Structures are given as structure tokens and as C-alpha cells.
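Here is a short briefing to read beside the model.

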Amino acid sequence: MKLGIMVSEGPYQHQASDSAYNFTKAALEKGHEIFRVFFYHDGVNNATRLTVPPQDDRNVVNRWSELAKQYNLDLVVCIAAAQRRGLLDANEAKRNGKDADNIAEGFRISGLGQLIEAGIQAERLVVFGD
Amino acid sequence: MTLHTVNKSPFEANSLETCLRLARSGHNVLLFEDGVYGASKGTRFEALITEAMQKQNCKIHVLLPDFEARGMSTDNIISGIETVDYAGFVDLVTKNERVQSWL
Amino acid sequence: MEEGGATKKFLYVNRRAPYGSIYALESLEVVLIGAAFEQDVSLAFIDDGVYQLKKGQSTDGIGMKNFSPTYNALGDYDINKIYVDKDSLEERGLTLDDLMNLTWEDETDNYAEKPSISLVNSEELAALMEQQDVVLSF
């Protein structure tokens, strides 16, 4: 079945991102298709490559990047939410006159329409948040 | 059929109460994250859960990895509640027509 | 954009008060963007979500943008199915009169101005939820 996922909280602060990851991984392992994972609200912080968690802890950001690579996942970060919270890719950094970008591998920044499209295209949409 | 997910402790938020007020007969409810505390016997929410299962005919599930992570004893789960793992969570999502997250 | 094709029933469930967190504002942003996709959209306000529709919001003293006027614009985007949970409203000591008067113009009825908000009881709300294809929770 084709599933869509929305993640509404950042890494570490809430379990939402961990739950979404564990769910997504289990769904993929069962042979389901993940149409898209959409990161909204503070969930956009799952996409920063600048996190440095302690070595004995999970690396939430890298874990998403690796899953994306393994399964060719579409990880989409909401542009409006990302801009508010300082999450930028190279294009956005340039466009807004910022001196750095911080998006991690495997994520892309796009509009809220991508969430609606996930709702339309996926057979089920599951929201993980606080 | 709807899958309702509840991720808040019933002591912290009214998500479980609102969820059960609006769940219909035959619906599935999954308690996960801090929501798992609602699955234990002896809390002041036990009657609410039991009533939802018996009178409303709701099926209640608890995500075992979240329950165990919190040191909660499976011997103490309210009878009638089923435990699921993440694969079981996925099955609940696919077998219901929609998922309503009570954040 | 992926317009055309099948129309799905989208329900936006709002259960948080405004200003204390960003969920209400960012939910509204999804609703406005989503309007362009011409889906069958309903909004539900439950629990503290009913406070989002409270009349007379004035944010001058907190330095945040008062986004409540945006709800008035929903009618212009053909979003006119706004359901308020009666129990949630009553337990907060509020009535429909305490909420903003949200309206839409019915072009099939000589552009008559009609109320967008419906008060619903638990049974009606449960039935409404059961008709949905996609439920987005904020």
C-alpha cells in the first residue's frame, strides 16, 4: 500500500520523529511504498546536517538520510516552516542572502502543496507529532 | 473503520478522553509514546478504557516497544488490550480506512 | 501542481489554542495552500482548538501577529465547512456568540452571505470524521 507520513516535531525533543522513523522502516520492510515523508512545524529540524548528538545516542538526522538512500525515499521539508526556523539549502541561502546552508543529504525543501499532494496520492496518511 | 492514535499520557492531556468520545463502534485505538500509560491497570482511566472496549466495542492496542521502554509490566495491561510491535502498527494503518492522530 | 483527478475529503483537526504554540497558525497556512488543490475540505475545532475562533483577539501586547482575521478569508477560498465541537465550546464557558462570525457567499443563491460555522455534537462529529479520506491533525 502507498503511505504518506507527516512529521511535526524536531529530533530529540519529542519522540515523534523516532516513532515516524520506526514506523516508516517497518512499513518499508513489509513491502509497502512510502510516497513521501513531509516534515512540518519543528519537524523541519530533522533535516539539519549540523546536529552533533553524543556518540552513544542515535543520530536521528543521519538515520533519515540513510533510510532515504536505501529506499529512495522522498523526504520533503516545508519551505515556509524551514525559513522561519533557519533551515536552508544552498539555493534558499543564496536567495535570502544567508552565508550558509544546513540541509542534510536526502532531504529537499519544497512547498506545502507537497503535503496536500501526499494526502491525495497516498492511500493512508499518518501524522506523527506532539 | 478508523485507526485512532493517542500519544499522550491521559494524565497530561485529554487526547484519550476526546478520542474515545468520538470513536465509533468497531474502531481501533492505538496507544503509543506516552499514551501507553493508559493501558495499565489501576489508573483512574481504567474504567474509561474498559467501557470503550465493552460498551463502544472499540479495539484497543498498545505499542509494546513504547510500553516496555517505560518499564511498564505487560502483566499489568488491562485485559482485552492487544500488544503490537511497529509491524503491527503498520498493519493497523493499512487495514483501517483512515488514521486520526490525537496529538 | 497535481490538480484535477479524483477529489478527496480532507479534514483538518485543530485542537490547540493560538499563540501559545505555532500549530494553529501553521495549520491555517496548510488550509490556505491546500485550497488551491480543490479538494473537499472541512475544518474541525475541538478541545482548545475552539479558542482559535474566539472573537476580539488583540496581540499588540505580545508582539505577535494577530492571524485571526485570516479565518474570515476562508470563505473566499470556498472553505465553508467549519465544524465546532459543542462539548468543547460549552465546557469552556463559551457560546457561538463568542466566536468570530465566519461567512461565505453562496453563488448559487444570489451570493447570499451564509454562516460557515456549524456547531456539532459528538455523534455528528464522529459521523463527519468517518466520511473523511485524509485527516490532518494539528
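**Where chain A meets chain C**

In this predicted model, the side chains of C:Glu29 and A:Arg84 meet in a salt bridge, with 2.6 Å from N to O. A salt bridge here is a side-chain nitrogen of Lys or Arg within 4 Å of a carboxyl oxygen of Asp or Glu. Residues are numbered from 1 along each chain as its sequence is written, while chains are lettered from A and ligands numbered from 1 in the order in which they are written. Local features need pLDDT of at least 70, side-chain atom pairs count only at pLDDT 80 or more, and totals for chains, interfaces and linings use all residues; side-chain values use heavy atoms, leaving out hydrogens and water.

**Polar links between the chains**

- Between chain A and chain C the count is three salt bridges.
- Ten residue pairs, both at pLDDT 80 or more, are in polar contact between chain A and chain C. That term means a pair of N or O atoms within 3.5 Å; within protein, one must be able to donate a hydrogen and the other to accept it, and residues adjacent in sequence count only if both atoms are side-chain atoms.

**Extent of the contact**

- Chain A and chain C each bring 21 residues to the contact, which means heavy atoms within 4.5 Å.
- About 1,800 Å² is buried between chain A and chain C, and carbon and sulfur atoms give 60% of that area. Buried area is the accessible area (1.4 Å probe) that two parts lose on being put together, summed over both.

**A cluster of rings in chain A**

- Over all chains, the count comes to 15 aromatic pairs. Rings of Phe, Tyr and Trp (its six-membered ring) pair if their centres lie within 6.5 Å; planes under 30 degrees apart count as stacked, over 60 as edge-to-face and the rest as tilted.
- A:Tyr21 and A:Trp64 form an edge-to-face pair, because their ring centres are 5.6 Å apart and their planes are at 90°.
- A:Tyr21 lies in helix H1 (residues 16-29) of chain A and A:Trp64 in helix H2 (residues 60-71) of chain A, so this pair ties together parts 43 residues apart in sequence. Helices are DSSP runs (H or I, at least four residues) and so are strands (E, at least two), numbered from the N terminus.
- Both A:Tyr21 and A:Trp64 are buried, that is, under 20% relative accessible area (1.4 Å probe, protein chains only).
- The rings of A:Phe39 and A:Trp64 are also edge-to-face, with centres 5.4 Å apart and planes at 90°.
- Ring pairs link A:Tyr21, A:Phe39, A:Trp64 and A:Phe107 into a cluster.

How values were computed. Buried means under 20% relative accessible area, exposed over 50%, partly exposed in between (1.4 Å probe, protein chains only).
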